[in-house]
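This report describes the fold of one protein chain for a reader who is new to structural analysis. Please keep the sequence and the three-dimensional view at hand while reading.

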Amino acid sequence: MGEVITFYSYKGGVGRSMALANVAVLLARWGYKVLMVDWDLEAPGLEFYFKERLGDLGQVAQRPGVVDILGRIAGGANHPEGPAQWRDCPVAIQFDDCPEPLHLITAGKLDADYFRRVRNLDINAIYEEKDGGTVIEMLRDEWMAGYDFVLVDSRTGITDIGGICTVQMPNILVLVFTANAQSLEGVFNVGKQVAQARQKLPFDRMGLRVLPIASKFDSREEFGESQSWLRRFSDKLSELYANWLPRTLEISPFIEMTKIPYTSYFSFGEKLPVIEQGTVDPARSEERRV
């Protein structure tokens with residue numbers, strides 16, 4: 001069975017979707033079967049990171065996706081298109097150096113009716129009246145059976161839709177944040193809330209692994225300030241690592257190793273650093289040259 005990994009950010013603009021896209025490419029290069037799911041229904045667009053390989057994004061926009069699957073669950077047996085299906089949704093993205101193509105389920109068919117359909121989704125009603133929790137659990141099981149990794153791009157904020165991504169879906173919850181107090185406090189509180197909500201799930205689960213990831217972190221220009229923030233991250237977030245990170249491993253160096261460095265070049269457009277630059281931290285490569 002595969003792993004479901006949700007990428008979540010407390011607020012937008014922290015590079016969550018880019019991080020997911022880069023991880024997906026790496027996993028595919030290593031020979032894993034990977035499914036990406038764009039669950040950020042109010043700000044869709046994960047496909048833009050792969051536009052050079054997808055060609056006409058207009059055709060991609062006509063494929064059904066998450067909102068269409070949820071709409072079918074809400075409609076139940078009375079939905080004109082029948083029960084919820086997902087196998088017609090994935091778009092294949094081929095890389096020459098990947099044994100398997102990446103697969104992407106978009107947020108949904110981006111027609112003139114898309115945002116009305118998003119606004120009309122009543123997740124509470126889906127769970128209470130349509131046994132939505134069980135249907136989504138079956139969907140999760142099918143994804144895990146068909147793929148080694150399922151990477152879910154969750155919308156920002158605490159919402160009913162977001163709860164599917166952060167509480168029910170994941171084996172691993174990646175909390176992407178930036179070096180400011182609001183973001184740090186936000187992801188810490190989300191991690192605690194999700195852990196509590198997870199205990200109330202009516203489905204069997206292993207313990208949730210929470211992985212905070214510092215994003216847009218500049219340790220080249222502001223080295224002293226960056227070290228201060230790393231210590232602050234360690235002090236605040238240590239509780240979130242407690243149930244899975246070996247106690248012999250120091251948290252601060254681990255956070256530094258897993259951070260996403262800031263490079264101004266990649267702040268423009270939808271470039272993927274793992275393709276254009278590789279996986280070497282620019283700050284560490286500079287240290288080696290010195």
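## Overview

A residue is called buried when its relative accessible area is under 20%, exposed when that area is over 50%, and partly exposed in between, using a 1.4 Å probe and protein chains only. The structure is a predicted model, in which local features need pLDDT of at least 70 and side-chain atom pairs count only at pLDDT 80 or more, while totals for chains, interfaces and linings use all residues. Residues are numbered from 1 along each chain as its sequence is written, and side-chain values use heavy atoms, with hydrogens and water left out.

The chain contains 13 helices and seven strands. These elements are DSSP runs numbered from the N terminus: helices are H or I runs of at least four residues, and strands are E runs of at least two.

## The sheet

In what order are the strands of the open sheet arranged? The seven strands follow the order β3-β4-β2-β5-β1-β6-β7, with mixed pairing; two strands pair if DSSP finds at least two bridges between them. Because β3 (91-93) and β7 each have a single partner strand, they stand at the edges, and one side of each lacks a neighbour in the sheet.

Strands β2 (residues 34-39) and β5 (residues 149-154) run parallel and are joined by six bridges. Within this pair, Asp38 has Asp153 in β5 as its bridge partner.

## The nonpolar cores

A nonpolar core is a set of buried Ala, Val, Leu, Ile, Met, Phe, Trp, Tyr and Cys residues joined through side-chain atoms within 4.5 Å. The largest one has 58 residues, and Met36, Phe50, Leu102, Leu151, Phe233 and Leu237 have the most contacts inside it. Helix α1 (residues 16-29) gives the most to this core, namely eight residues. A second, separate core of 29 residues includes Leu70, Met144, Cys165 and Met169.

Contact means heavy atoms within 4.5 Å. Apart from its neighbours within four places in sequence, Leu151 is in contact with residues including Leu20, Val23, Met36 and Val37.

## Two positive phi angles

Most residues other than glycine have a negative phi. Asp131, although not a glycine, has a positive phi of about 55 degrees. Asp131 lies in the loop between α6 (123-129) and α7 (132-146) and is partly exposed, at 46% relative accessibility.

Lys216 is likewise not a glycine, and its phi is positive at about 50 degrees. Lys216 is placed in the loop between β7 (209-214) and α10 (223-241), where its relative accessible area of 45% makes it partly exposed.
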